[in-house]
Amino acid sequence: MTLAVVRSRGLAGMVAPEVTVEVHLANGLPSFTLVGLPDTEVKEARERVRAALQNCRFEFPSRRITVNLAPAELPKESGRFDLPIALGILAASGQIDARALGRYEFAGELSLSGELRPVRGALAMAYAVSRSEASAGRRGFVLPTHSADEAALVGEVPIFAVRDLLQVVAHLAAEAGEERAQRLAQHRPSERGAVPHYADLADVKGQPAARRALEIAAAGGHNLLMVGPPGTGKSMLAQRLPGILPPMTDDEALESAAVLSLAGQFAPERWGRRAFRAPHHSASGAALVGGGSVPRPGEISLAHRGVLFLDELPEFDRHVLDVLREPLESGRITISRAARQVDFPACFQLVAAMNPCPCGYFGHRSHACSCTPALIARYQERISGPLLDRIDLRVEVPSLGERDLLDSPGGEHSALVAQRVLLGNERARVRQGCTNAMLTGADVDRLCRPAGAVRQLLHSAGSRLGWSARAYHRVLRVARTIADLGGADELSATHVAEAIQYRRSLRDSSTAR
Ligand SMILES: [Zn+2]
């Protein structure tokens, strides 16, 4: 009996555990058995590997072939293991030299003709390998060309790109000392995309209060709820938040790219671009937070380090919204499927929008609202208190009259707003190492201690509006961001008063008219 061992990688959430592909050849009736893959995928994998080997003029051994993919309990998608299985059969049957095999890891799906097709999550895989100590610098990764392009962006793992099976075999022969064989060069990463381009805030007419709230949200990392009738620019404003956020660090860009790669949605030109995801309110829980038999990231993870926009918030399934509470606190989501759990990053900024009432026209300047007070109350109560509690900023986006629109000056450009945001954001990071939105209650007590008149203002507002301790902390966090935007070290009454404006409950803002 002859044995060959080839190393590959699986994917479980953002972790890429090593998978060992063992190939045994034994005498007896010819057969081809695959162990460790789901039954539905075994047949296809067998056929692809057999056809690819034969079409590349290798001998397909007429012996008893047993392939074992270990560990057994990992979820495995068959395609990525085609290349390691084919190489294992070639090594076990003595058609290639097995010595060089151990220096590399391999992944790639084979076409029937032996060409290699990309695998899902190549960047995520390389990212995981670069962060796992076990394999630090030990081996290079051999991947299909398209997958190699994205994996090479990680930069810390040597990547080798191959078009087809024959190219891999030639490289291994060269490594084993055969002089005429063609050796692969380490793959160079393709150009990272240029500075990302976003829609400009100058396109939004009027709405100074909402623009201000958007700027505060950007500077402090706060979640934002916009309330207003249809057609007042809520979606336009939300779409422009990524363009005023601070530029991504290399680490953030890498994490974001890794998550997109898991979903097969990464392209090099998206490098460093903050995501904007706007799932429809009919989206299922799995689409929103992730799921599936081989768990895939949902919208909240695809929005990692970017913006998740939920338009018509009360129309979302309440149970689905409740699931958002955990990632809003922790920046991660854990998905449990049968006996296993996977973790995806989900550190996103939430922007939500809603009409003030079911018909949309409550408080509209010219359009009459047809809803009863009871109907309006029920509509607003669809959003649970605990979710609302995680939204620091609430702002009204009123309908504009024709005069207002005509008289409104063109809005400020995003580039100018982004400069202020960056300065405010840096003040917070230098002071405490994170954005203001991430401060815990204890941090707030330590860092934002208002005194005298400011303290009095805060407490009288709090007792009038019935705030919890949590609500106090939220107001202070926002006030801290407003002070940072103004370049102030101390919280003033003006900062706190503005922050209080953004804390009014939905009921307050609707009954105040
Ligand atoms: Zn109405």
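Here is a walk through this predicted model, from the whole chain down to single residues. Residues are numbered from 1 along each chain as its sequence is written, and side-chain values use heavy atoms, leaving out hydrogens and water. Because the model is predicted, local features need pLDDT of at least 70 and side-chain atom pairs count only at pLDDT 80 or more, while totals for chains, interfaces and linings use all residues.

Let's start with the big picture. Of the 513 residues, 54% are buried. Here buried means under 20% relative accessible area, exposed means over 50%, and partly exposed is in between (1.4 Å probe, protein chains only). Now take contacts, meaning heavy atoms within 4.5 Å: among those between residues at least 6 apart in sequence, 75% join residues at least 24 apart.

Next, find the sheet. Five strands form an open sheet in the order E11-E14-E17-E10-E18, with parallel pairing. Strand E11 (276-277) and strand E18 (393-396) stand at the edges with a single partner strand each, so one side of each has no neighbour in the sheet. Two strands count as paired if DSSP finds at least two bridges between them. Strand E10 (residues 224-227) and strand E17 (residues 349-354) run parallel and are joined by four bridges. Helix H6 (residues 208-220) lies across E10, E17 and E18, and runs at about 165° to E18. That angle is taken between N-to-C directions, from 0 to 180 degrees, with axes as lines fitted to C-alpha atoms, for helices over the stretch in contact.

Now for the metal. The zinc ion is held by the SG atoms of Cys357, Cys359, Cys369 and Cys371, at 2.2 to 2.4 Å. Donors are N, O and S atoms within 2.8 Å of the metal (3.2 Å for Na, K and Ca), and water is not among the atoms, so sites may look incomplete. In sequence, the donor residues follow the spacing C-x1-C-x9-C-x1-C. How exposed are the cysteines? Cysteine 369 is partly exposed, at 27% relative accessibility, whereas cysteine 371 is buried, at 14%.

Helix H5 (residues 165-175) is another stop. Nine of its eleven residues are buried, so the helix is largely enclosed by the rest of the structure. Among the buried ones are Gln167, His171 and Glu175. Just after H5, glycine 177 takes a positive phi of about 105°.

Finally, two single residues. Arginine 480 sits in helix H19 (residues 469-485) and is buried, with a relative accessible area of 3%. Its side chain reaches the backbone oxygen of alanine 488 at 2.7 Å. Leaving out residues up to four places away in sequence, arginine 480 touches several others, including Arg431, Asn436, Asp489 and Glu490. Proline 247 is in the loop between helix H7 (234-239) and helix H8 (250-262), and counts as exposed at 62% relative accessibility. Beyond its neighbours within four places in sequence, proline 247 is in contact with Glu252, Arg274 and Leu422.

Note on methods
Helix = DSSP H or I, 4+ residues; strand = E, 2+ residues; numbered from the N terminus. Polar contact = N/O pair within 3.5 Å; in protein donor to acceptor, adjacent residues only side chain to side chain.
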